[in-house]
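Colleague: I'm new to this one, could you put it on screen and walk me through it?

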Amino acid sequence: MANETIGWVEDLASYARVVYDWKALRRPGKGVDYLSAQYRDQVRRIVEALHPKRMKLRVAEVVEQTPSSKTLRMERVDGSFPPFRAGQYVNLYVTIDGVLTSRPYSISSLPGEQALDLTVRDRQGGFVAPHLISQIEAGAELESSGPAGSFYYEPLIDGKDLVFIAGGSGVTPIYSMLRSLLGSDNGFKLNLIYGSRTPNDVIFGKELKKLAQEHKNLKYKLVISDPPKGFRGAKGLLDAALLKKAVGKVAGKTFYVCGPNAMYDLVLPALAELGVPQHKIKRELYGPPDDVTKQPGWPKAIKRNRKFNVTIGGKTFKASAVEPLINSLERNGVVVPALCRSGECSACRTKLISGKVYMPPDIGVRSTDIDFGYIHACVAYPISDIKVKI
Ligand code: FES
């Protein structure tokens with residue numbers, strides 16, 4: 001057995017022992033001293049193994065999925081992969097032209113595999129994806145966060161009748177979820193509706209088709225929005241009419257939606273029109289808005305070309321009003337802790353000392369954060385000169 005596996009088993013055994021003995025905490029003087037340095041160290045090692053803050057990765061293989069997307073298959077260099085739920089993501093750190101930044105990528109491999117697959121799609125105006133697609137080859141070393149995110153199947157709440165709606169590269173966490181569900185239980189009724197611009201852009205196309213052929217409880221519908229001449233499959237957009245036809249009755253079903261922000265603008269109102277209650281829709285976040293000036297409440301007086309002074313730790317630089325603050329901080333050498341880069345996880349919580357920022361109204365900033373003057377730098381846009389502190 002490899003040393004790291006032995007370590008892992010020992011850690012789990014220690015964890016089991018600690019859990020078994022926990023009642024001792026209520027019997028002063030009788031139980032184990034859990035506050036001793038030895039136990040604190042043991043607990044720290046277990047927590048780090050289960051929830052590593054950082055993982056060192058090596059690219060074992062690069063698999064071309066489509067002309068614009070690749071899967072980076074990674075192995076972990078500094079330990080085993082921690083457990084994760086199918087549908088979660090890791091935040092990948094990269095340095096591009098001297099700028100240390102990060103982006104979250106959904107895991108498309110299965111929990112338990114000793115390889116982590118991240119499928120990356122190049123997109124216009126992107127910063128990290130084009131770098132990963134064009135520069136990263138087998139052997140490259142990268143770093144990521146541990147697995148994170150809340151887009152996964154929750155057995156106690158979600159039921160067994162599940163509908164997955166994916167757009168573009170939004171299919172990557174769903175590919176992992178479907179395989180995990182199909183591998184675990186036969187009682188699921190699964191329905192995947194996958195929208196892609198062209199047939200060439202379809203990620204995991206053959207694999208999904210094969211899964212649907214092998215599993216009678218998986219329905220798979222591919223919909224192409226910009227079909228080539230002579231295309232014979234389903235065409236169109238993921239609107240209410242199409243979803244109604246593909247899904248049928250919505251009662252009792254849980255919906256998982258993942259895709260570009262433009263897809264949410266279409267799919268979420270469509271699901272509301274079909275009568276799907278909010279609590280039956282799970283939506284993966286997909287980064288900051290494509291165009292913040294179109295968000296509700298954006299101050300119309302602030303034009304796209306406006307720049308404001310950002311002051312942090314005695315240094316001041318100019319930042320665009322329409323770019324997330326985290327990007328300009330990183331470009332100016334400020335490392336901001338981050339995970340989701342979509343406003344949800346709070347990792348990038350930043351104190352706004354003075355000035356004003358705009359944050360879209362539907363992001364998950366806690367009211368207590370707002371009350372105490374914290375912003376989420378990944379979805380905050382300066383609309384005056386500001387002073388911040390990390
Ligand atoms: S990185 Fe998650 S809220 Fe900003």
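Modeller: One definition before we start, since it is needed below: a residue counts as buried under 20% relative accessible area, as exposed over 50%, and as partly exposed in between. Please also keep in mind that this is a predicted model.

Colleague: Okay, so is R44 buried, exposed or partly exposed?

Modeller: R44 has a relative accessibility of 40%, and it therefore counts as partly exposed.

Colleague: And what does R44 form a salt bridge with?

Modeller: R44 forms a salt bridge with D41, where the closest N and O atoms are 2.4 Å apart. Both residues sit in helix α2 (residues 37-50), and because they are three residues apart there, about one helical turn separates them. D41 also counts as partly exposed, because its relative accessibility is 35%.

Colleague: How many salt bridges does the structure hold?

Modeller: The structure holds 19 salt bridges. One of them pairs E75 with R58, with the closest N and O atoms 3.2 Å apart. That pair links distant parts of the chain, with E75 in strand β2 (residues 69-76) and R58 in strand β1 (residues 54-66), 17 residues apart. E75 counts as partly exposed because its relative accessibility is 32%, and R58, at 28%, counts as partly exposed too.

Colleague: What about E154 and R85, where do they lie?

Modeller: The side chains of E154 and R85 meet in a salt bridge, at 3.6 Å from N to O. E154 lies in the loop between β6 (141-145) and α4 (155-158), while R85 lies in the loop between β2 and β3 (89-96), so the pair ties together parts that are 69 residues apart in sequence. R85 counts as partly exposed, because its relative accessibility is 33%.

Colleague: Changing topic, at what angle do α5 and α6 pack?

Modeller: Helix α5 (residues 171-184) and helix α6 (residues 205-214) pack at an angle of about 25°, and their axes are 12 Å apart. Angles under 35 degrees count as roughly parallel, and α5 and α6 are therefore roughly parallel to each other. The crossing in which α5 passes α6 is left-handed.

Colleague: Which residues make the contact?

Modeller: On α5 the contact is made by V171, Y175, L178, R179 and L182, and on α6 by E207, L208 and L211. These contact residues divide into six nonpolar, two charged and no polar.

Key: Residues are numbered from 1 along each chain as its sequence is written. This is a predicted model: local features need pLDDT of at least 70, side-chain atom pairs count only at pLDDT 80 or more; totals for chains, interfaces and linings use all residues. Side-chain values use heavy atoms; hydrogens and water are left out. Axes are lines fitted to C-alpha atoms, for helices over the stretch in contact, and angles run from 0 to 180 degrees between N-to-C directions. Helices (H or I, at least four residues) and strands (E, at least two) are DSSP runs, numbered from the N terminus. Angles under 35 degrees count as roughly parallel, over 145 as roughly antiparallel, 65 to 115 as roughly perpendicular and the rest as oblique. A crossing is left-handed if the near helix is turned anticlockwise from the far one by less than a right angle, and right-handed if clockwise. Contact means heavy atoms within 4.5 Å. Ala, Val, Leu, Ile, Met, Phe, Trp, Tyr, Cys and Pro count as nonpolar, Asp, Glu, Lys and Arg as charged, and the others, Gly among them, as polar. A salt bridge is a side-chain nitrogen of Lys or Arg within 4 Å of a carboxyl oxygen of Asp or Glu. Buried means under 20% relative accessible area, exposed over 50%, partly exposed in between (1.4 Å probe, protein chains only).
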